[in-house]
Amino acid sequence: MPSDLPDPVANQPLRRLARSFAIIVLTALVTLAARHYDFTYPQILSASIFTLIITSALFYWDYHLPIAFVGIALLTILGVLDLTTVVQESKLDIILFLVGMMIIMGVLRDLGLFSWLFISVIASPSMTARRFVVTTCAVGALTSCLVDEMTSIVFIVALVFQVCDTLNLRPVPFVIMAVMAVNIGSTGTMLGNPVGILIGQGASPPLSFMDFMTWSFPVMLAEFVAVMIFMLWNFRREIAVMEQGIRNRRAMGLRLGPIVMVPHGQGLAILIGLMLLLVFHTQFEDWLGRPRNTMLIMTPLLVAGLLMIWRRENIRKYIENDVEWLTLIFFMMLFVVAGTLEHTQVTVRVAEGLAARWGDRPGLLLPVVLAIAALGSAFIENIVFVAAFMPVVVKLDSTPLLWALLHGACIGGTITMIGSTANITALGMLERRYWTRVNFFLWLKTGAVVGLLSCLVAWGAFSVLSPHMPTRAERLERAVAVESVP
């Protein structure tokens, strides 16, 4: 299948020069802005090095991990950070949570759970194109909530490839729809995206799983419905072509794929048990007298450990193959670099600026944070943006802004091809299988509308819900009351 983009090899020297120039210009602009607003020397240094690290990692992604290593070393050697702060800001709790979840997903994959879901979707003899699109997107959004967006997108894109190959269709439109749904779905719980666990743990006091189910999940459903209506209209021609292919295949007595029996009972039972432990983690913590979110963070490690004991012959495989160590180490480095901004109180200065501009109009801060998060995450991988911006939102001391940051960051990931890990993963799978690339503006044409529509829905929903949300003081009072119970 031909590529949608020309071969960029001939332009590589010019591209490298342009990227290097952009890195220098952006870093210089941040440095000048910091000096203009009378930042202290450590604040100027931390903001400048942070910008240099982030832009260098984004423009030279193959070197993002060594760039992060060098950046942290420079920050420490120059005295902006000390070793104690490096350890504190690495957020080991989040890393351990992600390690446990990755191992659990590897076990569930081996137990056939995702193969069973795959076959269940294509098994219906009355499947239509519209029903396939809605079902695929709904399953993608919900599995993103229950497991994580990476596992969900790999499973859903494989399903799209199977059906498109069977019907001899171009897969790009259906991949785009699937990615949009998975990104929207990842806002539903704190499991869907590392951004969720980062915001949940970074809030003061931390947000629980039920907080996400109460305030974020319903908004995600509203966004999903609005986005699905748009995508069914936007891709109506491609869906009509798929419908004709399904009818032709049904006329020959054929289905969309092979139907085989896959054992799934053990995997489904494990997933349900895991979800129950996570949903009721606050009750377990109260019963055991443990600090908030202790069970939330430790449950994946506990379940992963028990599963590896059960399937001890595959321990090395789960540790070496299913845990994305390069990604997790980069996250740790990233958290430290972003923590530098908080350590030097750069985030306090930014929060004070936002509060001075819109603090007397809290109704305007909500769309401002939502828009900043969406636009920032559109061009910077959302975990990178949230790690840097989260301390600013915490300083603003408003519960609705935490949810605005979550949804803005995940929604922003839909706008451009580089906005989220799910996008990059899906496009990588597409390129490896079909030797095709998606045109940036082809994606942007859909992503911008999906992003704008989702942001408007989120703005309206949180504007309605925010008067009913507990304030930070109320959440803190509740947490203290629970911890004081003998």
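Two cavities of 30 Å³ or more are counted here, a cavity being a set of points on a 1 Å grid over the protein atoms alone where a 1.4 Å probe fits but cannot get out, with lining residues having an atom within 4 Å of a point. Grid points are joined across faces, edges and corners, and a volume is the space filled by probe spheres set on the points. The model is predicted, so local features need pLDDT of at least 70 and side-chain atom pairs count only at pLDDT 80 or more, while totals for chains, interfaces and linings use all residues. Residues are numbered from 1 along each chain as its sequence is written, and side-chain values use heavy atoms, with hydrogens and water left out.

| Cavity | Volume |
|---|---|
| Largest cavity | about 60 Å³ |
| Second largest cavity | about 40 Å³ |

The lining of the largest cavity includes Ala203, Ser204, Asp397, Arg472 and Arg475. At least two of its lining residues come from each of helix H21 (382–396), helix H22 (399–415) and helix H25 (472–484), where helices (H or I, at least four residues) are DSSP runs numbered from the N terminus. By class, this lining holds four nonpolar, three polar and three charged residues, with Ala, Val, Leu, Ile, Met, Phe, Trp, Tyr, Cys and Pro counted as nonpolar, Asp, Glu, Lys and Arg as charged, and the others, Gly among them, as polar.

Around the second largest cavity lie Phe132, Val133, Thr136, Cys137, Val160, Phe174, Met177 and Ala178. Helix H7 (129–146) and helix H9 (172–185) each give two or more residues to this lining, and H7 gives the most, with four residues. Seven residues of the lining of the second largest cavity are nonpolar, one is polar and none is charged.

Note on methods:
1 Å grid on protein atoms, 1.4 Å probe; cavity = no way out; pocket = protein on both sides within 12 Å on 5 of 7 lines; lining within 4 Å.
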